[in-house]
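Thank you all for coming; I would like to walk through one structure this morning, moving from charged pairs to rings, strands and helices. Please have the sequence and the model open while I talk.

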Amino acid sequence: MISIPNVTRIILFHLLVSTIIVTAFSPVWSSAGKDAGAKLRMATSSKELKNQDRRKHSPSPQDLSLQNRTSSSKTVADIRLALNSLPRTPEAKVKPFDEIRNDDTVGGLSQLTLAIDQRLKGKNRGSSDFAVDFTQKNREGAMSGLLGYNAIENDEKTSILSREILVVFGKPLIDDQVTVEYASRIRELALTLAGKNDNFPDLVCFCGCVRKGNHISDADAGYMFFKYLCLNEGISLQNVKIFVDRNSQSERKALQNVVKHLVEEHVSEWLAVSHHSESPKDEYGLERKALRKKIKLHFTLISSDYHLCNINDIHHRSPNQSLLRSIEMLRTNDRSQQGIMTEYDDELSEFQHGRRKRQKTNNIVNGIIDCSWSYRYASYPYAYSRDDASSFMGKCFLLCENLRPFFVNIKGVVAEREFLQRDNFLAAASIRHNLISLMEDLYKTSPSLQTGLREINTYTDSKETVDIVLEGATLSLGRCIDLVRPAGLHKSSVSKISFIKALRSLEHCMTQIRTFCDPDRPLDPKEWGQLYPIIDEEEETGEAT
């Protein structure tokens with residue numbers, strides 16, 4: 001049993017603790033009770049209670065005015081000091097474009113843009129002031145890329161036994177006669193065969209249809225000149241197969257016809273006698289049930305230097321519109337992809353009236369075909385002519401041909417297949433500047449040249465003179481550049497209608513210059529059968545002096 005004194009002690013202890021707790025918290029309870037009682041006494045409804053809570057949390061007009069006076073009293077120095085005191089995120093260090101590897105991660109789009117701009121500035125591409133020598137630098141770069149590509153392909157070609165196909169691109173005839181430039185391409189073909197010794201190509205192809213005003217095709221005329229040249233120089237054509245394509249209306253169609261002829265007439269035969277086949281195991285290490293035979297086709301494209309540079313540039317800048325797509329379609333192990341398919345045509349009507357359907361063939365090859373190509377160029381004969389008029393027209397003609405990548409790029413933009421490339425736009429703007437400079441020199445410093453140009457026969461029925469045609473072509477080129485300038489400088493977008501108008505203006509410019517400013521002429525009968533062009537006595541005496 002618990003004794004009475006112990007019970008008394010426990011009761012007294014609890015009373016003492018309760019007294020301490022009530023004493024400590026009595027102010028809080030009393031104030032809360034007073035506030036609650038005051039609210040209850042002042043409010044006659046629940047709506048007034050909500051309004052009282054809202055007024056409690058919102059500042060009064062006096063507080064707002066005091067706050068405004070305090071903030072307005074701050075000076076600009078105080079604001080700057082407050083901004084400087086804010087924590088700053090460290091800026092991302094942008095790597096140079098050359099130092100960015102595949103395993104590096106770019107911090108964001110801004111860093112990538114800065115890196116690309118840094119690379120462009122290093123190549124003098126970022127300025128909107130177009131240098132006069134941009135076209136020359138661009139052409140030198142294209143030529144170095146052409147030669148560099150040839151070096152790589154020749155190294156690979158020597159290591160693998162391949163079938164060689166030589167393709168000569170035709171040049172329009174003048175009055176059914178081979179021209180000087182076309183003859184330079186065929187002479188390059190003959191020199192190539194002369195240096196082959198016993199290693200002759202498997203196929204030689206001539207391309208070109210019947211042009212307006214002629215009765216024979218470019219391919220037939222080129223083959224006849226080549227045949228006569230080989231007979232005169234003692235170049236043997238034994239065991240060399242010839243293919244003459246008389247139906248190709250464009251260079252793209254010419255290569256498609258060449259590839260189609262190979263698939264239909266030669267590839268199966270070459271695969272049958274080939275000693276090479278695919279590896280016994282596939283990429284997963286499993287044994288193959290049947291080994292397919294394997295051949296390599298090497299195409300050597302022969303043409304003028306400016307023409308091959310354009311083909312190479314377009315292939316790298318606008319691969320979907322490359323002339324070499326038909327050759328690339330053979331470079332595949334997928335049998336279903338070895339048909340000849342048309343991706344683009346040269347006519348503008350394709351983009352205005354809808355795209356054409358791909359042309360499918362049933363020529364499926366049961367084998368593996370690997371393809372490569374290289375370029376064999378002939379120097380443009382009018383680049384450095386002693387005749388002032390021919391030299392002037394040759395410069396204008398080369399400037400026009402340098403617009404070809406820009407023209408193809410705009411066609412791709414109209415077809416909604418690619419974007420306008422800045423390099424192509426800068427080159428076109430520089431070409432326009434060079435054309436204007438040539439026109440200024442023509443009117444200011446060379447009045448005799450202007451008179452000589454008016455007397456040149458352009459082999460057309462039109463009576464327009466060269467200088468008038470150049471003025472109209474330069475205006476058309478300027479109109480094209482002005483229409484696409486925002487997109488070319490990457491400042492803003494350009495509507496599709498503007499691109500179509502720009503394409504028409506550019507096409508008019510190039511057509512006019514090609515028609516009236518091409519200094520090419522029919523080959524002199526004395527030069528038939530000559531492997532090298534004949535130098536006149538006047539030129540020899542001029543060089544001697």
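Let me begin with a salt bridge, by which I mean a side-chain nitrogen of Lys or Arg within 4 Å of a carboxyl oxygen of Asp or Glu: the side chains of R187 and E527 meet in one, at 3.5 Å from N to O. This pair links distant parts of the chain, with R187 in helix 7 and E527 in the loop between helix 19 and helix 20, 340 residues apart. Before I go on, please keep in mind that this is a predicted model, in which local features need pLDDT of at least 70 and side-chain atom pairs count only at pLDDT 80 or more, while totals for chains, interfaces and linings use all residues. Residues are numbered from 1 along each chain as its sequence is written, and side-chain values use heavy atoms, with hydrogens and water left out.

Are the two partners, R187 and E527, buried or exposed? I use buried for under 20% relative accessible area, exposed for over 50% and partly exposed for what lies in between, computed with a 1.4 Å probe on protein chains only. On that scale R187 counts as buried at 6% relative accessibility, and E527 counts as buried at 9%. Helix 7 itself, which carries R187, is largely enclosed by the rest of the structure, because 13 of its 15 residues are buried. From its first C-alpha to its last, helix 7 reaches 21 Å, close to the 21 Å expected at 1.5 Å a residue, where the expected span is 1.5 Å times one less than the number of residues.

E278 and R288 meet at 3.4 Å, N to O; here both residues sit in the loop between helix 10 and strand 4, so that the pair ties together parts ten residues apart in sequence. E278 is buried, with a relative accessible area of 10%, whereas R288 is partly exposed at 28%. D482 and R485 also form a salt bridge, their closest N and O atoms being 3.1 Å apart, and since they are three residues apart in helix 18, about one helical turn separates them. Salt bridges that share partners, moreover, join K171, E181, R185, D518 and D520 into one network.

A search of the whole structure finds eight aromatic pairs. One of them, F206 with F226, is tilted, at 5.5 Å centre to centre and 50° between the planes, and because F206 lies in strand 2 and F226 in helix 8, the pair ties together parts that are 20 residues apart in sequence. Both F206 and F226 are buried. F225 and W528, by contrast, form an edge-to-face pair, at 4.9 Å centre to centre with 80° between the planes. F225 lies in helix 8 and W528 in the loop between helix 19 and helix 20, so this pair ties together parts that are 303 residues apart in sequence. F225 is buried at 0% relative accessible area, while W528 counts as partly exposed at 33%.

Now to the strands, which I call paired if DSSP finds at least two bridges between them. Strand 4 pairs in the parallel sense with strand 1 over six bridges, and R163 stands opposite L297 there. Strand 4 also pairs in the parallel sense with strand 5, over eleven bridges, and here S303 stands opposite Y377. Strand 4 is mostly covered, with ten of its eleven residues buried.

Helix 11, residues 305–317, has end C-alpha atoms 18 Å apart, which agrees with the 18 Å that its 13 residues should span. Helix 11 is largely enclosed by the rest of the structure, because eleven of those residues are buried, among them Y306 and C309.

Technical notes
Helix = DSSP H or I, 4+ residues; strand = E, 2+ residues; numbered from the N terminus. Phe/Tyr/Trp six-rings, centres within 6.5 Å; stacked < 30°, edge-to-face > 60°.
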